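Hi,

Here is the structure I promised to pass on.

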Amino acid sequence: MPDTQVGVISCSGEECLGGTLARMATRKVMEELRAGRVVSLCLPLYIAGGEEERAFAKEFPVITVEGCGKRCAEKSTIKYSGGVKDTIVISELLGEDVALSKVVSARDLKEEHYKMADIVAEEICRKVDKIVAE
Amino acid sequence: MSKVKVIPCSGIGKVFGLMARETALQVTDKLSPDTTETVCLASIVTGDDAARAKVEGCTCITIDGCPALCSAKSVESVGGIVKAKYRAVDETRNHRGKNAGTGTALTEDGWQIVDEFAEKVAAKAEELVEEGKNNA
Amino acid sequence: MSKSYAVLPCNGLDKRAGCVSKEVALTLAEKTDSEIICPVLYHVADARYNKIAGEKPLLVIDGCPTRCASKLAAEKNLKIAEKINITEEAKSNNIVLADGLRIGENETRLVNIIVDKLTKEQESAARADGSMIFPENLTYEVYKKDKFAFRVPKDKGFYFNENDVWAYVAGNKARIGVTDFVQKSLSDIMFFDPPEIGNEIEQFEEAGSIESGKAVFEVVSPVGGTITAVNEKLLDMPELINQNPYELGWIAELELSDFESDQDLLREFDEYFPILKRKVDEFHV
Amino acid sequence: MSESTFMGVPREKIDWSPRIDYDKCNYCMECADFCPHNVFEVNEDAEKKLVVKNPNNCVVFCRACGKTCGLDAIDFPDKKETTAYIKTIRKEASGNE
């Protein structure tokens, strides 16, 4: 299915670095790496009742990107749209000491943060490509 | 009194979500770290009782990006006492013609709006702290 | 037009804007049948004013951003029909309020501007009330692209131009607004510049504009005629256009000059829907 | 874009696009930055640094770029004449069918 679109829901959590990385990686995949293929869904809107986001997640495969092991994005997707195709947990991918460290403002991002986000972004792409290939 | 919770939506689709997020981080991390703190919006709604307890009955300020008011709605739904609701889109309205950036990154102008916005929210938080003391 | 308000001013005595709010209330009470609610007495004795507030549309006048009058109205569970903020009005009219609490020349000028506006608004609202019957429930066809859903009303009476502006025509009146394509491509709309009531415009002339962080969109009117009403709610809440540009987010109403001729260059639903689909597809690519 | 039409009339038959008054223009390029349809072209090395490169990309009846121009250096054809012209062509076309 060459036209398959994939939804990505990032946790964007505020309490630790994982939230910032999830957000950066998702934006990068949507804007650059898999533009047109990936649609980012807004988690707060999704939770608060956004019909467009919920309908999309019912119809198309969804990957969630979680900062930590609480897996908030996955939990809400299962609750409102049935299920997720795949999940990335940054605390597992990059380690808890990184993911759970203090949240960083976009203003204070350093080279190392961009590199971490790139690793997450690549992982998202891998999962997107796998879904598309199916 | 526990710290005032400053909870942004952090919406990912538009610049306003990023502005809300950065404003909240600025308030809780730089301007008023002793009296305010932020909480993961998604975790208080989807999480267990412990997560919910972080806001239930607490004084909260919500910072939303757009008129969908996701943070305000969600915080209220889990029993947070929302004393003030802000929207980044309103702050941007006061700077007509300025391009604030995108959901990925803010421009100089975007940061300037965030800085002013954060001052305003921090002042409100201080006011709520005083109010809390007087009522105690 | 003897329609009148129940006026709840903040009456702040130790602030300039508060004193102006009182003056606006007094002037309204003199010029129209409006009745004043005293915020001080209201705090201690409800009964007297609850009746007035129940009978007439409530106008709340706040002096400063503390908005004491609005808060009082909320506390008493009153339904607010109209809201005025003196500080904002002064700013938007470029009037600097003088130091001191007495009403001076500038203050009087501001009071007159506000009172004029309020009484004029009543007239236009009254005219609009009687003029246009708009269907209560619209039926939509939806085109989905990515996660976005674009609606177009299928109801009879709707016409569209290729600038993505609709007109709903009934008799010699029309209501106009933008379509979902405009609203979604602009994203969050932050400003509404209304057309002027009484202005006569031709088909495809501008009927105001709307603006988001992305762009300004000129509302190209599908029909020619005289502007009889504008949706003043949009001045404070332009987001209504994003919520639904066909219902609460309408732009203006006109008295038509020559709809028969205008109709030649308009599309009905069947013709517009494919155009919208094409535009959506092209826009996203 | 050759197949594009406006109200059933081939776009290239409709003369609607911005006219730049070079006596007034100060090449601030606000209009070019504003227009999302790639109507203008900017060439810093040319004598005329700003030209209307793709007039048929311009949305018929849109005059929004003119508003960005503080010097009023952008003008458009007459709306009434354009409307009448479109109607005439449509009549001719339907007569030929």
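**Helix 1 of chain B**

Helix 1 of chain B covers residues 15-31, and its 17 residues should span 24 Å at 1.5 Å a residue, which agrees with the 22 Å between its end C-alpha atoms. The expected span here is 1.5 Å times one less than the number of residues. Helices are DSSP runs of H or I with at least four residues, strands are runs of E with at least two, and both are numbered from the N terminus.

Before I go on, this is a predicted model: local features need pLDDT of at least 70, side-chain atom pairs count only at pLDDT 80 or more, and totals for chains, interfaces and linings use all residues. Residues are numbered from 1 along each chain as its sequence is written, while chains are lettered from A and ligands numbered from 1 in the order in which they are written.

Back to that helix: 14 of its 17 residues are buried, so helix 1 of chain B is largely enclosed by the rest of the structure. (Buried means 20 or more other C-beta atoms within 10 Å of the residue's own, exposed means 12 or fewer, and partly exposed is in between; C-beta atoms are placed from the backbone.)

**The cores**

Met19(B) is among the members of the largest nonpolar core, 83 residues in all, that touch the most other members; Val8(A) and Val121(B) are also in that group. A nonpolar core is a set of buried Ala, Val, Leu, Ile, Met, Phe, Trp, Tyr and Cys residues joined through C-beta atoms within 7 Å. There is also a second, separate core of 62 residues, including Ile201(C) and Cys65(D).

Beyond its neighbours within four places in sequence, Met19(B) has contacts that include Gly65(B), Ala88(B) and Leu106(B). In contact means that the C-beta atoms, placed from the backbone, lie within 7 Å.

**Phe204(C)**

Phe204(C) sits in the loop between strand 11 (200-201) and strand 12 (206-212) of chain C. It counts as buried because it has 24 C-beta neighbours inside 10 Å. Leaving out neighbours within four places in sequence, Phe204(C) is in contact with Val220(C) and Ser221(C), and with Phe61(D), Lys79(D) and Thr83(D) of chain D.

**Chain A**

Chain A has seven helices and four strands, running β-α-β-α-α-β-α-β-α-α-α from the N terminus. Of its 134 residues, 54% count as buried. The C-alpha trace of chain A spans about 35 × 30 × 25 Å along its principal axes. As for its partner, four residues of chain C are in contact with six residues of chain A.

Cheers

Technical notes: Two residues are in contact if their C-beta atoms, placed from the backbone, lie within 7 Å.
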